[in-house]
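Dear colleague,

Please find below the sequence and structure that I am handing over to you. My notes on the findings come after it.

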Amino acid sequence: MAEFRVRRFDGKKSYWQTFNVPAKKGMTVLEGLYYIKENLDSSLAFRASCRMGICGSCAMRINGKPRLACETQILFLGDRITVEPLDNFTVIKDLVTDFEGFFAKHKAIKPYLIREDVKYDEPRELLQTPKELNEYYIFTLCIKCGACYSVCPAAATLDGYLGPAAMTAAYRFCADSRDKGKKERYEIVSSSNGVWRCHLAMECSEVCPKNVEPAKAVQLLRRRTAFSILKSLLGW
Ligand code: SF4
Ligand code: FES
């Protein structure tokens with residue numbers, strides 16, 4: 001039996017509730033939450049979809065650390081599990097947080113290939129070598145779970161800060177040899193809410209469940225942005 005301590009929020013107040021879950025070998029925290037919902041308290045709210053570490057919707061704070069509930073086995077953590085919503089996000093209900101702002105920031109960095117010479121009604125293949133793909137491939141693995149954002153000290157203190165996930169996406173496209181939109185993205189990420197606000201805490205990379213290394217992406221983006229500013233100052 002595992003004891004689940006869940007931080008709940010009913011729209012007005014936050015409180016803790018404890019549930020006993022019959023934990024079996026291989027059972028995940030997400031399965032524990034489903035057990036609670038189906039057998040003990042149907043009002044418990046949490047978000048999940050794929051149950052296989054792909055959709056990013058089940059990120060929550062488990063035993064003090066942001067993790068994917070569907071990839072975290074109960075018995076690896078012991079018999080006392082603490083579950084809380086992600087920090088740095090507004091809580092809607094229980095473990096469900098508001099991701100609207102997070103996705104708006106992602107959209108703001110233009111997370112798509114920018115090509116004026118490509119017509120979508122007349123698609124053509126844009127070739128790339130394996131070496132060119134390697135420049136950004138690791139950063140394509142982000143599942144937008146928000147774990148990095150939830151531990152970011154800059155995001156905690158500055159509402160408009162783009163945050164590690166959005167800037168990882170910005171780097172992913174800026175480092176793509178097929179993209180022609182680097183200049184406009186550099187302008188966005190070098191704004192007062194961009195790369196220069198990063199505190200270099202590196203916690204984002206520590207907690208990323210996909211080993212994407214958002215802190216590295218932000219540093220690489222800083223270097224590119226600085227070079228681009230220097231180039232325009234020198235008129236190159
Ligand atoms: S960079 Fe990692 S922690 Fe951040 S949103 Fe993407 S997958 Fe989640
Ligand atoms: S439910 Fe999709 S990542 Fe966990």
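The following paragraphs set out what was found, from the overall form to individual side chains.

The model is a predicted one. Its secondary structure comes to ten helices and seven strands. The protein has 236 residues, and 43% of them are buried. Along the principal axes, the C-alpha trace spans about 65 × 40 × 30 Å. The accessible surface comes to about 12900 Å², and carbon and sulfur atoms account for 52% of that area. As for contacts between residues at least 6 apart in sequence, 61% join residues that are at least 24 apart.

The structure holds nine aromatic pairs. One of them is formed by Phe 89 and Tyr 149, with 5.2 Å from centre to centre and 50 degrees between the planes, and this pair is tilted. Phe 89 belongs to the loop between β5 (80-84) and β6 (91-93), whereas Tyr 149 belongs to helix α5 (residues 147-150), so the pair ties together parts that are 60 residues apart in sequence. Both partners are buried: Phe 89 has a relative accessible area of 11%, and Tyr 149 has one of 6%. A further tilted pair is made by Phe 99 and Phe 103, at 5.7 Å centre to centre and with 50 degrees between the planes. Here Phe 99 is buried, at a relative accessible area of 11%, while Phe 103 is partly exposed, at 40%. Ring pairs link Phe 89, Phe 99, Phe 102, Phe 103 and Tyr 149 into a cluster.

Thr 97 lies in strand β7 (residues 96-97) and is buried, with a relative accessible area of 2%.

Two arginines are placed over aromatic rings. Arg 51 has its charged end over the ring of Tyr 34, 4.2 Å from the ring centre. Likewise, the charged end of Arg 172 sits over the ring of Phe 173, at 3.9 Å from its centre.

The next topic is charge pairing. Side chains of opposite charge can pair when their charged atoms come close. A search of the whole structure finds 15 salt bridges. Among them is the one between Arg 61 and Glu 84, whose closest N and O atoms are 3.6 Å apart. Arg 61 is in strand β3 (residues 59-62) and Glu 84 is in strand β5, so this bridge ties together parts that are 23 residues apart in sequence. Arg 61 is partly exposed, with a relative accessible area of 24%, whereas Glu 84 is buried, with a value of 12%.

Another salt bridge joins Glu 184 to Lys 110, with the closest N and O atoms 3.4 Å apart. Glu 184 lies in helix α8 (residues 182-189) and Lys 110 in the loop between α3 (100-108) and α4 (130-134), so parts that are 74 residues apart in sequence are tied together by this pair. Glu 184 counts as partly exposed at 34% relative accessibility, and Lys 110 counts as partly exposed at 25%.

A further bridge is formed by Arg 124 and Asp 117, the closest N and O atoms being 3.1 Å apart. Arg 124 is partly exposed, with a relative accessible area of 46%, and Asp 117 is partly exposed as well, with 42%. Arg 61 and Glu 84 return in a network of salt bridges that share partners, which also takes in Arg 7 and Asp 87.

Which residues make the nonpolar surface patch of about 810 Å²? The patch is made by Trp 196, Phe 227, Ile 229, Leu 230, Leu 233, Leu 234 and Trp 236. Of these, Leu 234 is placed in helix α10 (residues 214-234).

With kind regards

Notes: Residues are numbered from 1 along each chain as its sequence is written. Chains are lettered from A and ligands numbered from 1 in the order in which they are written. This is a predicted model: local features need pLDDT of at least 70, side-chain atom pairs count only at pLDDT 80 or more; totals for chains, interfaces and linings use all residues. Side-chain values use heavy atoms; hydrogens and water are left out. Rings of Phe, Tyr and Trp (its six-membered ring) pair if their centres lie within 6.5 Å; planes under 30 degrees apart count as stacked, over 60 as edge-to-face and the rest as tilted. Helices (H or I, at least four residues) and strands (E, at least two) are DSSP runs, numbered from the N terminus. Buried means under 20% relative accessible area, exposed over 50%, partly exposed in between (1.4 Å probe, protein chains only). A charge sits over a ring if NZ of Lys or CZ of Arg is within 6 Å of the ring centre and within 35 degrees of the ring normal. Patches are made of residues with over 30% relative accessible area and no salt bridge: like charges are joined within 9 Å, nonpolar side chains (Val, Leu, Ile, Met, Phe, Trp, Tyr) within 5 Å. Accessible areas come from the Shrake-Rupley method with a 1.4 Å probe; for residues, only the protein chains shown count as cover. A salt bridge is a side-chain nitrogen of Lys or Arg within 4 Å of a carboxyl oxygen of Asp or Glu. Contact means heavy atoms within 4.5 Å.
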